[in-house]
Amino acid sequence: MIRIPCPFCGERDHSEFSYGGDGSVEYPPLDASAEAWHDAVFLRENICGVQVETWQHVQGCRMWLRVTRDTMTHEIHDVKPAHKGLAKALGGASDGTATR
Amino acid sequence: MTRFSAWNVIRNAFNDQKGWTRQWRDPELKPEYDIVIVGGGLHGLATAYYLAKNHGLKNIAILEKGWLGGGNGGRNTTIVRSNYACPGNREFYEHSLKLWENMSHDLNYNVMFSQRSHITLLHTPGAIDNTARNYNIMRKTGTPDTELWGLDQLKETVPHLNYSADARFPIMGAAVQKRAGTARHDAVAWGYARAADMLGVDIIQNCEVTGVTRKGGKVVSLSTSRGVVRAGKVGFAVAGNTSRLWGMADLGRLPIESHKLQAFVSEPLKPLLDQVVVFGVGGAHFYISQSDKGGMVFGGDIDWYKSYAQRGNLPIVQDVAEAAMSVLPCLGRVKLLRHWSGVMDMSMDGSFFICKTPLDNLYLNAGWNYGGFKASPASGWYFADLIANDRPHRVVENHDLKRFERGVNIDERGAGPDPKLHG
């Protein structure tokens, strides 16, 4: 019912995708402290409103996507490939923002 | 407030029913309370009740942003059970079940708790082995009524499941807890509200907390839609909205993600299913029972993506309908009457938090995932105990926010730190 515009496949129903998780998490280097790793693995902002999250287009191209979505209204503001290099290569803005 | 008793029923029959009084007051928000519980759901109401009853405390308020029973308290599928395997969980849920057994008498309110058995269908030899191991643990650690049934015993008890050899999910046996069952969720909300009000608790509805004022490591006051209230101690019991309040108190992040879970009720039917039947396959994939009004009450998986929306999506409706048909094919012509969704606080290991917080006088009750209803009485009991004594009870000593730092995961499913996998 939520339409997600996959940059590779076009607009599809959300049931073709699998939700990943909070896309704003930055995982620390492998040799970082246990505390830094605990925070990255276990703690979440859990925003009510617009957040960045990951989805995988499992029934389509199987690419991971970074989606900016409102968690109260489900409105999608932006979708781009999760892989930063791919996002840039796909054109558009220099940060790889896809057009809706 | 009139007690419910045979004498009062007879008396009011000759009195044009004029002797009944309102079940709880509708007081104005006072400027200050000793204890403020944010969240007027089943857990918040139970907490206030036990603070008054077990600890003799007065001057308590419950702040509810909507109406009593309008949150997850009114949106669940009413299942009560205590078949949990992890230490900490098993003592807690077993205590909760015992509180359920006496709740109607304790609250002087018929919550219609019906111990009708909880039957989890098993479809593979591995599932049977796993159940045998888990249920043996439970039998040895305080839950004596967990049983493993073969096909014959199951067919005799619930004859109309899909036992055909070419069923989509052939049934091999079942994991059963006989003392488990269902209750009328609205009655639990109203029963606790009435009993708490009788003991002097102020229940303030339509009162949304919009800000938390801190000073020197303590909460000083709460800003609400009905005014500012100062509090000696504050408890948060707001389920899926926990992170929002946590953010108002400027406390950072939590091991919680909010997800939505849908539930369904069919048109009323004559008695069709006497037990709670669950179709597991690696999770709570589908569960169904029949309410005393006759409607089939059922649900399935969480919607899988994060949401605060309290409304479901159609792919899950189809999913749940398919599961229903594969388990109870006789439901094919039954009409769906009501459908709704709640916001749930999914935690990183699928288990709850009843604990102190970085602020001295703030206490947290959260992380109930999709299983908060059965926990309601014990949640109130142990949260009240924590708030009154300023230290957690031994039973919930590992149910704190710092358990992951200690390497403790209370993970019934064994699914790891991904909230959606605990649904």
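Trainee: What should I keep in mind about the model and its numbering?

Mentor: The model is predicted, and local features need pLDDT of at least 70, side-chain atom pairs count only at pLDDT 80 or more, and totals for chains, interfaces and linings use all residues. Residues are numbered from 1 along each chain, chains are lettered from A and ligands numbered from 1 in written order, and side-chain values use heavy atoms, with hydrogens and water left out.

Trainee: At what angle do the axes of α3(B) and α10(B) cross?

Mentor: Two packed helices are described by the angle between their axes and the distance between the axes. Here the axes of α3 (residues 89-101) and α10 (residues 376-389) of chain B come within 7 Å and cross at roughly 110 degrees, and the two helices are therefore roughly perpendicular (65 to 115 degrees).

Trainee: Which residues of α3(B) meet α10(B)?

Mentor: Phe92(B), His95(B), Ser96(B), Leu99(B) and Trp100(B) meet residues of α10(B), including Pro377(B), Trp381(B) and Tyr382(B), where contact means heavy atoms within 4.5 Å.

Trainee: Is strand β6 (residues 173-177) of chain B mostly covered or uncovered?

Mentor: Strand β6(B) is mostly covered, since five of its five residues are buried (under 20% relative accessible area, 1.4 Å probe, protein chains only). Gly173(B), Ala175(B) and Gln177(B) point one way, and Ala174(B) and Val176(B) the other way.

Trainee: Which strand does β6(B) join over five bridges?

Mentor: Strands pair if DSSP finds at least two bridges between them. Strand β4 (residues 118-122) of chain B pairs with β6(B) in the antiparallel sense over five bridges, with Leu121(B) opposite Ala174(B), and five bridges also join β5 (residues 146-150) of chain B to β6(B), again antiparallel.

Technical notes. Axes fitted to C-alpha atoms, helices over the stretch in contact; angles between N-to-C directions. Helix = DSSP H or I, 4+ residues; strand = E, 2+ residues; numbered from the N terminus. Parallel < 35°, antiparallel > 145°, perpendicular 65-115°, else oblique. Buried < 20%, exposed > 50% of the residue type's maximum accessible area, 1.4 Å probe, protein only.
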